[in-house]
Amino acid sequence: MMKSIFFGIVALMFAAVVMQQEQASAQVTDTDQPSSTDEWNYMNRSCSAKLQDQINKEFDAAIFYMQYAAYFAQYKVNLPGFENFFFKAASEEREHGMKLIEYALMRGQKPIDRNTFSLHFANQVQQPEPGPEGSVALTALKGALAKEQEVTKSIRELIKICEEDHNDYHLVDYLTGEFLEEQHQGQRDLAGKITMLGKLLRTNPKLGEFMFDKQNM
């Protein structure tokens with residue numbers, strides 16, 4: 001049942017992305033051609049390509065978190081705190097992707113390149129395994145922190161490309177104010193959760209996950 005729900009959510013999310021692309025195709029007809037810096041919709045190609053890549057990464061992250069949420073929602077696992085946490089994280093990443101699509105459209109750019117856009121679904125979907133501490137929950141939190149660091153690094157690279165090379169200060173300001181602060185807050189939250197769960201598992205290996213799920217998620 002949970003697997004069916006999971007695949008259904010992914011299918012709906014992908015459909016939304018495709019619909020946005022169809023709207024983009026209708027609105028943007030000439031972005032494949034080089035434009036003058038005097039045109040309203042000018043964005044350097046390397047900057048717009050990296051923006052498209054970032055959109056892809058945001059939706060990849062959403063799938064990554066839905067994978068964990070679906071795992072913790074299973075009746076044999078049944079950790080509703082972790083389930084809700086990861087479903088919320090998936091929703092936030094999808095929202096980030098949609099915001100970047102809307103920004104690209106506002107700038108007159110094609111938000112998705114059909115030749116490069118690819119949800120890495122086959123590589124993402126796998127059951128999390130317990131780490132050395134014997135906790136799948138701790139493994140999931142560490143995996144989430146690594147994913148957030150990956151996304152943050154990609155945003156910084158996008159900022160660097162668009163600011164240092166092409167002086168696209170509007171996009172840089174948008175990314176810095178809208179995304180980076182939330183990324184750093186999320187990483188700090190995950191790091192704290194990892195530390196706290198690790199302490200609980202050392203003092204109470206059998207009930208640590210259960211207690212953490214009820215009290216801290």
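In which helix is Glu58 found? The close-up views below, drawn from a predicted model, begin with this residue.

**View A. Glu58 in helix 2.** Glu58 is found in helix 2, which spans residues 45-73. The residue has a relative accessible area of 0% and is therefore classed as buried, the limit being under 20%. Beyond its neighbours within four places in sequence, Glu58 contacts Glu93, His96, Gly97, Leu100, Val151 and Ile155.

**View B. Residues annotated as "binding site".** An unreviewed UniProt entry assigns this annotation to Glu58, Glu93, His96, Glu148 and Gln183. These residues are spread over 126 residues of sequence, yet they cluster in space, with a largest C-alpha distance of 12.6 Å.

**View C. Glu93 in helix 3.** Glu93 lies in helix 3 and is buried, its relative accessible area being 3%. Apart from neighbours within four places in sequence, Glu93 is in contact with Glu58, Ala61, Ala62, Tyr65, Glu148 and Gln183.

**View D. Helix 3 and the residue Gly108.** Helix 3 comprises 27 residues (80-106), and the distance from its first C-alpha to its last is 39 Å, close to the 39 Å expected at 1.5 Å a residue. Just after this helix, Gly108 adopts a positive phi of about 75°.

**View E. Asp213 and the residues it touches.** Asp213 belongs to helix 7 (residues 208-216). Although buried, Asp213 has no salt bridge; Lys214, the nearest side chain of opposite charge, is 4.3 Å away. A polar atom of the Asp213 side chain lies 2.8 Å from the backbone nitrogen of Gly81. With residues up to four places away in sequence not counted, Asp213 touches Leu79, Pro80, Gly81 and Phe82.

Definitions and conventions. Residues are numbered from 1 along each chain as its sequence is written. This is a predicted model: local features need pLDDT of at least 70, side-chain atom pairs count only at pLDDT 80 or more; totals for chains, interfaces and linings use all residues. Side-chain values use heavy atoms; hydrogens and water are left out. Helices (H or I, at least four residues) and strands (E, at least two) are DSSP runs, numbered from the N terminus. The expected span of a helix is 1.5 Å times one less than its number of residues. Buried means under 20% relative accessible area, exposed over 50%, partly exposed in between (1.4 Å probe, protein chains only). Lys and Arg count as positive and Asp and Glu as negative; His and the chain ends are not counted. A salt bridge is a side-chain nitrogen of Lys or Arg within 4 Å of a carboxyl oxygen of Asp or Glu. A polar contact is a pair of N or O atoms within 3.5 Å; within protein, one must be able to donate a hydrogen and the other to accept it, and residues adjacent in sequence count only if both atoms are side-chain atoms. Contact means heavy atoms within 4.5 Å. UniProt positions are given in the numbering used here, feature names are shortened, and annotations may be inferred rather than shown by experiment.
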